Number of protein chains: 2
Amino acid sequence: MEEKLKELKTNLSLMRTYRHALGIMNFDFETIVPEKAREEEADTINYFSNEYFKLANSDRMKELIVELYKNKENIKDPLDVSLVEKLYESYMKNKNITPEFDLKMSKIFSESYNTWLKAKEAKDYNLFKDIFKKVIDIEEEAINLREDKLDNIYDNLLNDCEKGLIQEDLDPFFLELKEGLIELINKIKSSKHVIRNDFLNRKVPIYKQELFSKYLLELNGYDFSKGVLSTTEHPFTSEISRNDSRVTTHYYEDMVLSNIYSVIHEGGHAIFMQNERDIDHDHFINDYVSNGMHESVSRFYENIVGRSKEYVHLIYPKFIETFDEFRDVSEEELYEAVNIVNPSLIRTEADEVTYGLHIIIRYEMEKLLANHKIGIDEVPNMWNKLYKDYLGVDVPNDALGVLQDVHWTGGFGYFPSYAIGNCYNAMYLKRMEKEIPFKECVKKGDFKTINDWMKNNVFIHANVLSPKEWIKELTGESLSPKAFLEYLNNKYKEIYKF
Amino acid sequence: MEEKLKELKTNLSLMRTYRHALGIMNFDFETIVPEKAREEEADTINYFSNEYFKLANSDRMKELIVELYKNKENIKDPLDVSLVEKLYESYMKNKNITPEFDLKMSKIFSESYNTWLKAKEAKDYNLFKDIFKKVIDIEEEAINLREDKLDNIYDNLLNDCEKGLIQEDLDPFFLELKEGLIELINKIKSSKHVIRNDFLNRKVPIYKQELFSKYLLELNGYDFSKGVLSTTEHPFTSEISRNDSRVTTHYYEDMVLSNIYSVIHEGGHAIFMQNERDIDHDHFINDYVSNGMHESVSRFYENIVGRSKEYVHLIYPKFIETFDEFRDVSEEELYEAVNIVNPSLIRTEADEVTYGLHIIIRYEMEKLLANHKIGIDEVPNMWNKLYKDYLGVDVPNDALGVLQDVHWTGGFGYFPSYAIGNCYNAMYLKRMEKEIPFKECVKKGDFKTINDWMKNNVFIHANVLSPKEWIKELTGESLSPKAFLEYLNNKYKEIYKF
């Protein structure tokens, strides 16, 4: 077994080299590749992705994985056992996928991404729908090749993103969340309290926003010697290699708060990455954090930290110094402004309260689309109708509607993670507040204490435990929206004075 | 033969995919990789460089190249013949280099680059000298593996950079150039004319310099849909793929002119790349332009265009508009300031006249170092002495002396190309001025006419002809510093009024 484990790890090390190269290329593709080179760069990325797929799914790798899995009780190191289990799981998913099929799939995804950019630019869903259909179909085709697939197509995608959570779990979860949010939104709507918002769209040059973004990342504990901040169309964070976790953002001259919270959010992902255990890296199990766990961390920094009274107090002096455009805005006004609850069109710009409804809309649509309950032509109408029904807003065009997010260019299943993440973090916040003086730490900028707590509690088992096991281990409870709704109610009661 | 040519091209196409990936990774490495990830990124790049080497030097490739070369009279398309000849040449250089040796060499070069960055930061040549010695040794070792090597080590390196030009040619060339430059510098020194220089180090925020850099590149005909502008330590231009030629620069707050001329220079390289013939790309002979040819173009745009009275006239309004820090500087004062002749420490900041002496110093040192005529410990002293002798300046530290340039981290042979390039471009300028109203075009910003002339005359045969053949074809003459010295004398006589 030792020999086989060694051979396995030699292969994993080579695969890591490929992933490193692909990470750099994908980062380039998402940040700076010039328009007319998009296609040729996508071709090159697809070629190497496919080579990577071949390495990961070679006959020898399959043999090794199956054999090690069958003999896992003879493996001494529990992290090696965990690795073998995870590889076996992935083996079961991919065993019938040929390199040709994999290449076909990558090509569809990159065509889909390129087409989405153009369709969004043209504000026209019709330009996107054919390739969107192909994305949905090939995802289904891939699932149908699995021997242990779940009956419901969408359940497979959910399970891929957040193992163990399927429709059966999420339907009641989202129902409870929806009801709680709508109740809270109604209370806020009937509040008479007026929040000053005249300054929200003041123009701020991008170079100032860049400076402030770097300040925020450093303040929160992001280590620039192990990362960079770049710009992109749709912000993301990427772990390129052990010492290279990169953050991206998108600047708008007239939406300075948009960038600020986007940077704090993405910085949260990066702080997670920068604080993963070396031992997990050494055992090749550093890539098994679920989306929900990751989003719980990014949205923890974005909202629970970033939109708190204490954080606004902390950054206010630098904010005013950097953006003299806002000199007439008081600390209290800024705090209220970053917490205005206002049903709106764009998910990434949404406040903490209405945000969940944006996710629920996507969840409901994904469910129907993945299971062929609605057709590809019905998408914008349904989208617009749900935005009207749940958020009361009219969608003026597809760029501000169904084309706003990049996620569907690569298929379904990711969106629920954001809402799940919000609920995880509200759950572990309760424990954190018992163990460290959280609010005080934020107020004085002591992110060492906060990040250490996160590292020793939240990050520590994330690569090994399944999401269900992890939240249980961390909080003693199972996923539920209760703590999140309680957190929101307490916070917004004070702001909106109801 | 047709079948073999087809097989060869299939392999070349795969090699191009590797080069594309490596281009992206190297660009990342030179522009944004975070400090603590440098080593792991270098390892990944070296791994794929080595894979590329194996593809390019596989037994089958060698067989194909040799066989096609032996039967080249049966190949119909002259571009295919040219391709086979060039591949054969490279085959002869590399045939005895093993993949292990290639990997060892890459590792030394990347260690050398990383060490150079640190040594430059610490201003200490001693930190660099051991790895520098290894660079020199491994280059020599590689040359000694060639069956058709030239006796003089340095001749091989010169020949690699500028085929057909070796010490025998360059010694008299540089002697004539040196004498001409020193004569001219003496005339300038004894001129009484005073050029205003009080504004040269005024501080200008980097975001303004970024804006102006983009303006300049676009003005000169650089196509941003096929490229990007990024920042780096040591500016370079890189052809990532057919539609992706990237320019880099380095901003200094207090040296706005430095960035301007660096951007115009690198933009010149990129304009060359963006205007190469599709047919050359299709025949895989798009990578055979010599360094001297390339530098002739970049330095044409930088100096002959960029430092001309007409160009300063053209950009002056935008210059003043962007940099209000310079509002009190007249067009005439700006023109004179960009042409101040002042012996100085840094090659890349040097004026057109003294620039050649910076190159001659490097040429003289490379010759001695490559052929073991001086030891590695003597380098800074000799450097400092030559700067005192030729330029009359005292070198205060190694960062401003021997460590200023990146080139030696990858070995010798490149520097002469800059001076050769200056002489090529002065030669073809004479012809250009007969065929198009060059100065008028610059004055009105008609770069279409200029770039088209360059495309149809300078760029057109650069991939096929050797430098010697090319300059003969283009101007009817062989390389000589005469036209360049004449150009300088005419220009500076007017500026310095002697």
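**Where the two chains meet**

Start by selecting B:E41 and A:R246: they form a salt bridge, with their closest N and O atoms 3.6 Å apart. (A salt bridge here is a side-chain nitrogen of Lys or Arg within 4 Å of a carboxyl oxygen of Asp or Glu.) Across the interface of chain A and chain B, four salt bridges turn up.

A quick note before moving on: this is a predicted model, where local features need pLDDT of at least 70 and side-chain atom pairs count only at pLDDT 80 or more, while totals for chains, interfaces and linings use all residues. Residues are numbered from 1 along each chain as its sequence is written, chains are lettered from A and ligands numbered from 1 in the order in which they are written, and side-chain values use heavy atoms, with hydrogens and water left out.

Now select the whole contact: 33 residues from chain A and 33 residues from chain B take part, where contact means heavy atoms within 4.5 Å. Together the chains bury about 2700 Å², 63% of it on carbon and sulfur atoms; that buried area is the accessible area (1.4 Å probe) that two parts lose on being put together, summed over both.

**Into the core**

Next, which residues have the most contacts inside the largest nonpolar core? Select A:F300, A:I450, A:M454, B:F300, B:I450 and B:M454; the core has 344 residues. (Such a core is a set of buried Ala, Val, Leu, Ile, Met, Phe, Trp, Tyr and Cys residues joined through side-chain atoms within 4.5 Å.) Zoom in on A:M454 and, skipping neighbours within four places in sequence, you'll find it touching A:V297, A:F300, A:Y301, A:Y428, A:M432 and A:F459.

In chain A, pick A:I264, which sits in helix α10 (residues 256–274); helices are DSSP runs of H or I, at least four residues, numbered from the N terminus. Is A:I264 buried or exposed? It's buried, at 1% relative accessibility (buried means under 20% relative accessible area, exposed over 50%, partly exposed in between, with a 1.4 Å probe and protein chains only). Beyond four places in sequence, its contacts include A:L216, A:N220, A:S298 and A:Y311.

Hop over to chain B and select B:H265, found in that chain's helix α10 (residues 256–274). B:H265 is buried too, with a relative accessible area of 7%. Not counting residues up to four places away in sequence, B:H265 touches B:E295, B:S298, B:R299 and B:E302.

Conventions: Helices (H or I, at least four residues) and strands (E, at least two) are DSSP runs, numbered from the N terminus.
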